[in-house]
Amino acid sequence: MGRDRYDAIVVGARCAGSPTAMLLARKGYKVLVVDRATFPSDTLSTHILHPPAVEAMQRWGLLDRLVATGCPPIDTYTFDFGPFTLSGAPGTEAAPLTYCPRRTVLDKLLVDAASEAGAEIREEFTVQEIVVDDGRVVGMRGRDKDGATVTERADVVIGADGRNSFVAKTVQPEQYNEKPPLLSGYYTYWSGLPMDGRFDICIRPDRAFGAIPTHDDLTLVIAGWPFEEDEANKHDVEGNYLKVFDLAPEFAERIRGAKREARFAGTAVPNFFRRPYGPGWALVGDAGYNKDFITAQGILDAFRDAELCAAALDRSFSGARSFDEAMAGYQSTRDERVLPMFEFTCQLATLEPPPPDLQQLLAAVHGNQDAMDGFARVNAGVTSPAEFFADENVSRIFAEAQERSSSPAPAG
Ligand SMILES: Cc1cc2nc3c(=O)[nH]c(=O)nc-3n(C[C@H](O)[C@H](O)[C@H](O)COP(=O)(O)OP(=O)(O)OC[C@H]3O[C@@H](n4cnc5c(N)ncnc54)[C@H](O)[C@@H]3O)c2cc1C
């Protein structure tokens with residue numbers, strides 16, 4: 001047996017686990033974080049941090065450290081739909097910038113912050129069993145870095161162990177809003193492909209790609225195709241990846257002059273919500289809610305979960321609320337905030353051409369800077385798609401387009 005009982009054991013130390021542990025430890029709780037990985041280490045994921053995630057880093061006092069790593073700031077998103085390109089600012093006055101830090105850098109920074117807050121971190125620790133007593137999770141058992149089997153107990157075991165969560169497999173939570181994988185994406189890093197503070201996205205029927213600057217003067221470029229095509233395409237990832245850029249000749253020219261600096265990585269992911277709590281357990285990040293990466297929301301969702309879950313557990317530990325009441329609030333707030341983005345993301349991930357009414361709307365957005373900023377902010381997770389696509393906003397965009405087309409062109 002281990003030495004002591006913990007208030008919380010967090011399984012997984014990346015974007016969901018370390019912030020959850022950090023926030024609980026900052027409130028004075030005794031927290032153990034375990035991960036089978038060591039840090040710094042990479043993981044299969046691109047790493048766009050939209051402004052709400054950057055704002056969370058700022059709230060936690062960690063943004064200066066991120067900026068000090070030399071990660072280039074991004075202030076503009078462009079969406080090339082073929083007939084036109086929308087270009088807008090993704091952020092707000094309070095949080096104007098996006099960053100795209102390598103996971104080797106970001107995750108290590110988060111692990112260190114959890115440790116500084118007082119959480120105990122055990123790397124190279126693989127959880128092999130969730131200990132259940134009389135229907136309630138009471139701890140976990142696993143193998144530590146020396147190969148010893150260790151059991152630790154806690155009031156709550158938090159699964160921050162990703163979309164294939166071992167904790168979730170054990171507690172078998174209700175799963176809802178499920179959709180199969182829709183898109184396969186492959187990415188790598190290029191030198192000699194400057195982006196000048198832009199995140200460029202190109203969308204065509206059955207194909208999409210995105211390019212964004214990251215550490216070390218490299219540009220991350222991800223390209224995707226429908227999941228049904230993956231079986232045929234993955235035999236020649238490089239050839240099929242490069243073929244995607246032919247749909248945007250200017251970019252194709254630029255990437256031909258750049259140098260690939262890493263191997264290809266890629267995958268496809270399922271879409272689902274899981275009930276994120278039960279007797280003695282909770283789920284945060286991808287373990288509790290996962291969706292396609294086309295809108296790059298996973299890290300900001302993990303950060304939001306960390307704050308919501310840590311606050312709910314604090315209410316429960318302090319006796320202000322029962323565990324069930326506090327955690328039901330976590331679930332309902334999470335679901336309410338993310339559902340419109342989940343639907344928007346799943347629709348986009350089909351890579352089907354936008355339906356005619358959406359095409360008309362996007363054409364009306366083109367040239368209207370406020371509306372283009374609004375569209376960029378939807379993709380950045382700043383504005384809910386429900387708000388942007390609300391009748392009132394759509395009518396306003398069409399009315400402004402009408403006004404632009406009927407007003408005389410400026411002289412000169
Ligand atoms: C191709 C791709 C591109 C993406 N691009 C973006 C993007 O640009 N922006 C964005 O915001 N999101 C992106 N995402 C989503 C993002 O990667 C995830 O949402 C995010 O990593 C979730 O963090 P997490 O902490 O929940 O899980 P993970 O990052 O998956 O971390 C889980 C951790 O749990 C540990 N673990 C698992 N099982 C055990 C066990 N039994 N014992 C001990 N440790 C265990 C693992 O070692 C791992 O470190 C992308 C995802 C993919 C697949």
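Reader: How many residues surround the ligand, and which are the closest?
Author: The ligand is surrounded by 27 residues, and the closest are Asp35, Ser45, Thr46, Asp286 and Ile299; a residue is near a molecule if one of its heavy atoms lies within 4 Å of it. This is a predicted model, in which local features need pLDDT of at least 70 and side-chain atom pairs count only at pLDDT 80 or more, while totals for chains, interfaces and linings use all residues. Residues are numbered from 1 along each chain as its sequence is written, and side-chain values use heavy atoms, with hydrogens and water left out.

Reader: What classes of residue are in the shell around the ligand?
Author: The shell has eleven nonpolar, ten polar and six charged residues, where Ala, Val, Leu, Ile, Met, Phe, Trp, Tyr, Cys and Pro count as nonpolar, Asp, Glu, Lys and Arg as charged, and the others, Gly among them, as polar. Strand 6 (126-133) and helix 9 (298-317) each supply at least two residues of that shell; helices (H or I, at least four residues) and strands (E, at least two) are DSSP runs, numbered from the N terminus.

Reader: Which side chains have an N or O atom by an oxygen atom of the ligand?
Author: Among them are aspartate 35, with a side-chain N or O atom 2.7 Å from a ligand oxygen, and arginine 103, where the corresponding distance to a ligand oxygen is 3.0 Å. From the backbone, an N or O atom of isoleucine 299 lies 2.7 Å from an oxygen atom of the ligand. Taken alone the ligand exposes 1000 Å², and the protein buries 93% of that, with accessible areas from the Shrake-Rupley method with a 1.4 Å probe.

Reader: Which pocket is the space taken by the ligand?
Author: That space is the largest pocket, since a molecule is placed in a pocket if more than half of its atoms lie within 2 Å of its grid points. On a 1 Å grid over the protein atoms alone, a pocket is an open set with protein on both sides within 12 Å along at least five of seven lines, a cavity is a set of points where a 1.4 Å probe fits but cannot get out, and lining residues have an atom within 4 Å of a point.

Reader: What is its volume, and what lines it?
Author: The largest pocket has a volume of about 1100 Å³, and of the 46 residues that line it, the closest to its centre are Thr43, Arg103, Gly162, Arg163 and Asp286. Helix 9 gives the most to this lining, with three residues. By class, the lining of the largest pocket divides into 21 nonpolar, 15 polar and ten charged residues.

Reader: Moving on, how many cavities of 30 Å³ or more are there?
Author: The structure holds one cavity of 30 Å³ or more, and about 330 Å³ of space lies in the largest cavity. Its lining is made of 21 residues, including Phe199, Ile201, Phe293, Ile294 and Thr295, which are the closest to its centre. The lining has 15 nonpolar, six polar and no charged residues.

Reader: And the second largest pocket, how much space lies in it?
Author: About 400 Å³ of space lies there, and its lining divides into 17 nonpolar, two polar and three charged residues.

Reader: One last topic: which residues does a cis peptide bond join?
Author: A cis peptide bond joins phenylalanine 39 and proline 40, with omega about 5°, and proline 40 is in the loop between strand 2 (31-34) and helix 2 (51-59).

Technical notes: A polar contact is a pair of N or O atoms within 3.5 Å; within protein, one must be able to donate a hydrogen and the other to accept it, and residues adjacent in sequence count only if both atoms are side-chain atoms. Grid points are joined across faces, edges and corners, and a volume is the space filled by probe spheres set on the points.
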